[in-house]
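Reader: I have a structure to go through with you. Shall we take it piece by piece?

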Amino acid sequence: MAAELTSTKLNPESHIILDQPLLRLPHELARRNFKTVQRAVEREKEYIIPAIKETAAASLSNTQTPDQTLAALDAMISRMQGLKRKMESLQEEEKKIHNQSRKRIQHLETLHKIPSLADVKYDQWSRVRLDRLLVDHMLRSGYSESAKQLAQDRGVEELVDLGVFTQCQRVVDSLRRGETKEALQWCGENKAALKKSQHNLEFELRLQQYIEMVRTQDKSKKIEAIIHAKKYLIPNHQSQNSEIMRAAGLLVFTQDTRAEPYKSLFALDRWRVLAQLFIQTHHELLSLPSQPLLHIALSAGLSALKTPLCHSAYTSSSSNSQSTSTSVCPICSTELNELARKMPYAHHSKSYVESDPIVLPNGRVYGKQRLMEISRKMGSVGPGKVKDPTTGEVFHESEMKKVYIM
Amino acid sequence: MDVVQKEHSRLLKRTEASQGIKNVQSAVDSLQAARDAIAADPSAASATLASLQNSVKSSFDSINDSLKETHSGLNKYTKSLDKLFKDRPLPSTDDDGLSSHESLINRAIAMHLLREGQFAVAATFLSEIAEQKTIYPVTQNGCGPSNTSASLLDIDEVPSTEIRKQFASMYYILQQLQENQNLLPAIEWSRENREALEARGSNLEFELCRLQYVWLYHGGANNQGTASGWLAALEYARQEFHVFVPRYLREVQQLVGAMAYSPNLGGSPYAALFNNTSAWDDVAHFFTREFCSLLGLSADSPLYIAATAGAIALPTLLKLQTIMRSKRTEWTSENELPVEIPLPPQYLFHSIFVCPVSKEQATDENPPMMMPCGHVIAQESLKRLGKGNRFKCPYCPSESHPKDARKVFL
């Protein structure tokens with residue numbers, strides 16, 4: 001494969017792979033919003049139309065006093081006004097989402113106006129992207145305050161999804177505290193969408209409630225648990241039969257049992273698993289990638305930049321911190337060095353060395369021009385001498401030997 | 001992208017023109033009218049109610065119509081998004097090799113924030129990490145083995161104390177330099193680190209002093225006429241420049257010699273020395289690089305470079321993933337990427353040696369070896385070619401013995 005070593009070509013269409021969630025998420029929210037409107041309208045329609053019909057029929061057959069008719073109409077009016085208020089607030093929400101989408105599309109659009117990767121504007125664009133990735137990572141890890149602060153500092157609030165993630169984090173926190181209420185409420189709000197999900201989050205939550213009741217070993221609580229199981233667990237018997245059986249078996253164990261699978265059902269670690277399951281379901285529903293985008297970008301980037309020299313036992317002559325004429329490679333820099341250790345290194349099919357390379361008696365290769373310049377700048381070497389900027393050894397100029405690297 | 005934008009603006013327009021709420025209001029109005037009519041004249045109730053039925057129904061119908069329209073708009077937008085991202089799914093790696101290094105990533109982020117000068121955010125970030133650690137000690141990383149969290153804690157402490165102080169002082173110096181044209185903190189720093197800088201062959205201190213000299217000549221802080229500036233500059237030179245004379249004799253001679261031309265420096269051969277518009281930016285950049293290098297860090301944020309390189313590399317890597325999946329092949333050499341990814345030239349940091357014989361990249365185990373003729377091949381190729389005997393260089397007529405070849409460092 002004869003790909004070129006370097007390129008500054010920018011293909012905006014393929015460059016936005018990482019930015020899919022940027023547009024997908026608000027769109028998903030807009031759709032959800034729309035469905036809520038639709039449902040509300042449907043509900044009122046199903047109430048009002050038959051109600052009018054009934055009232056009309058009643059009034060025709062004179063089984064209703066005029067006051068009753070008026071009262072029925074008043075009820076209808078107040079319901080319709082309720083619908084109107086609801087629709088108004090939803091429309092506000094919709095407008096907000098659309099405006100956010102618009103700003104995001106504009107942001108991606110600017111990429112089309114950037115001629116190449118070497119352009120200063122690309123640098124700026126990419127910095128905004130990094131800020132976005134960082135906020136995304138922070139939000140996913142539950143560092144909401146940092147995320148908020150960073151987004152505000154950098155003015156990227158419209159390009160990140162603080163609200164969605166903060167909400168998600170609240171539920172996760174409540175689960176980790178051992179509370180199911182908020183998670184169940186979320187399940188209720190997303191009932192329709194959850195039907196398509198492959199994870200049965202709601203069942204797991206109900207099961208956990210059941211486990212907590214059994215855990216008390218209190219007799220009345222256990223009876224409550226059985227009622228709870230009948231109400232919430234049994235309806236799932238087709239898909240979750242074995243879990244329900246196990247749950248039934250749980251009744252005869254105490255929480256310090258060592259018998260599996262009951263031990264793991266009682267385990268407090270189950271709350272963490274539930275939190276994980278919630279995150280998974282939540283992200284899936286909003287078509288968010290399961291990993292932080294930063295991880296995806298970094299793992300590709302670390303490999304693309306890494307060379308065998310980055311973790312070599314020998315100091316590289318071409319990029320190290322000992323000389324002012326070279327810049328430290330980002331992979332060699334402390335921040336990323338450990339992280340990149342297990343990554344594959346980039347593939348190269350051609351050597352790339354400084355022009356006019358020479359080798360010193362200690363085996364170090366430098367560009368002749370650069371070496372002479374550093375030696376001159378360092379001052380402490382006499383005329384006709386060169387100093388190895390990596391090791392500090394001083395050699396006579398005649399000891400430099402030309403080296404041929406193909 | 002154009003299509004997406006068009007569909008979206010259409011959607012936006014449709015939303016703004018939506019009749020839904022107006023129709024609800026009209027239903028409310030007709031209900032209210034009917035109520036008033038019945039209240040006024042109860043005998044006409046059945047007739048009023050019959051007509052009410054129709055008008056409310058038609059209101060609902062038009063609400064549904066407008067909803068339908070919104071729905072189709074949403075669907076069209078969905079389609080345009082699908083088309084835009086078609087064939088470009090996010091990579092679906094279950095294990096990216098990074099998720100298990102949560103704390104290393106967090107450390108990198110903290111360092112990035114510090115070097116970008118976002119101290120407040122960095123402080124919040126570090127305290128939130130610490131907080132989460134105390135609340136959920138075991139649950140840190142996904143399937144977190146609890147034994148690692150203790151040792152990783154130590155790593156996290158690194159950026160919070162020493163490095164944070166370092167970057168804070170860096171930002172103070174840079175701010176003074178760029179905003180107030182005050183070079184003194186920078187000069188002071190470079191004096192404190194003179195030995196380390198000299199070992200690097202860095203002339204930062206001289207550059208800073210030279211700029212200070214030029215700045216004084218141009219009138220210094222009060223920026224008035226050159227007469228007093230001239231004196232101040234000479235005074236400064238007398239005080240400070242003697243240190244530089246052994247190393248920068250020529251430059252010092254130039255700087256002082258230029259004074260002879262004052263006040264007509266602009267027309268002198270030294271004009272360029274004194275009227276360099278980018279001098280301040282250059283010095284700031286130079287300072288940042290030296291400062292970071294002394295800490296063993298790269299001048300630009302590694303996180304930024306890596307993330308950008310990642311975005312550039314992703315399309316290629318994804319294409320590769322698709323091809324490999326469709327051909328059901330596996331890449332066998334685990335520690336090297338299978339394709340070359342062209343990055344912009346400023347993303348090349350190390351020299352790269354690819355053996356011209358085996359086409360493999362040199363590693364610690366297989367280092368580049370130089371034969372007496374000056375040609376370089378990898379050690380394994382050397383062994384294979386020579387088999388312990390004299391052999392001809394694959395690139396020139398000279399013959400040599402493998403043991404005459406010497407390891408070189410790129």
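**From the RING span to the interface**

Author: In this predicted model, residues 355-396 of chain B are 19% helix and 19% strand. The end C-alpha atoms of that span lie 16 Å apart.

Reader: Which feature does UniProt place at residues 355-396 of chain B?
Author: The entry is unreviewed.

Reader: What distance separates the centres of domain 2 and domain 3 of chain B?
Author: The domain assignment puts domain 2 at 161-293 and domain 3 at 352-405. Taken over C-alpha atoms, their centres are separated by 49 Å.

Reader: Turn to chain A. How far apart are the end C-alpha atoms of residues 73-103?
Author: UniProt, in an unreviewed entry, annotates residues 73-103 of chain A as "coiled-coil region". The span is 100% helix and 0% strand in the model. Its end C-alpha atoms lie apart by 45 Å.

Reader: What span should helix α2 of chain A have, and what does the model give?
Author: Helix α2 covers residues 20-60, which is 41 residues.

Reader: Which residue just after α2(A) takes a positive phi?
Author: The phi is about 60°. The residue is A:Asn62.

Reader: What area is buried between chain A and chain B?
Author: In chain A, 153 residues are in contact with 149 residues of chain B. Carbon and sulfur atoms give 65% of the buried area. That area is about 14200 Å².

Reader: How many salt bridges cross the interface of chain A and chain B, and which helix gives the largest share of the chain A side?
Author: The rule finds five salt bridges across this interface. One of them joins the side chains of A:Arg24 and B:Asp82, at 2.7 Å from N to O. On the side of chain A that touches chain B, the largest share is 23 residues, and they come from helix α3 (residues 66-110).

Reader: Where do A:Arg132 and A:Asp19 lie, and how many residues apart in sequence are the parts that the pair ties together?
Author: These two form a salt bridge, with the closest N and O atoms 2.2 Å apart. A:Arg132 lies in helix α4 (residues 120-141) of chain A, and A:Asp19 in the loop between α1 (12-15) and α2 of chain A. So the pair ties together parts whose separation in sequence is 113 residues.

Key
Residues numbered from 1 in each chain as written. Chains lettered and ligands numbered in written order. Predicted model: local features only at pLDDT ≥ 70, side-chain atom pairs only at ≥ 80, totals over all residues. Heavy atoms only, no water. UniProt positions renumbered as here; feature names shortened; annotations may be inferred. Helix = DSSP H or I, 4+ residues; strand = E, 2+ residues; numbered from the N terminus. Domains from an automatic or database assignment. Expected span 1.5 Å × (residues − 1). Contact = heavy atoms within 4.5 Å. Buried area = accessible area lost by both parts, 1.4 Å probe. Salt bridge = Lys/Arg side-chain N within 4 Å of Asp/Glu carboxyl O.
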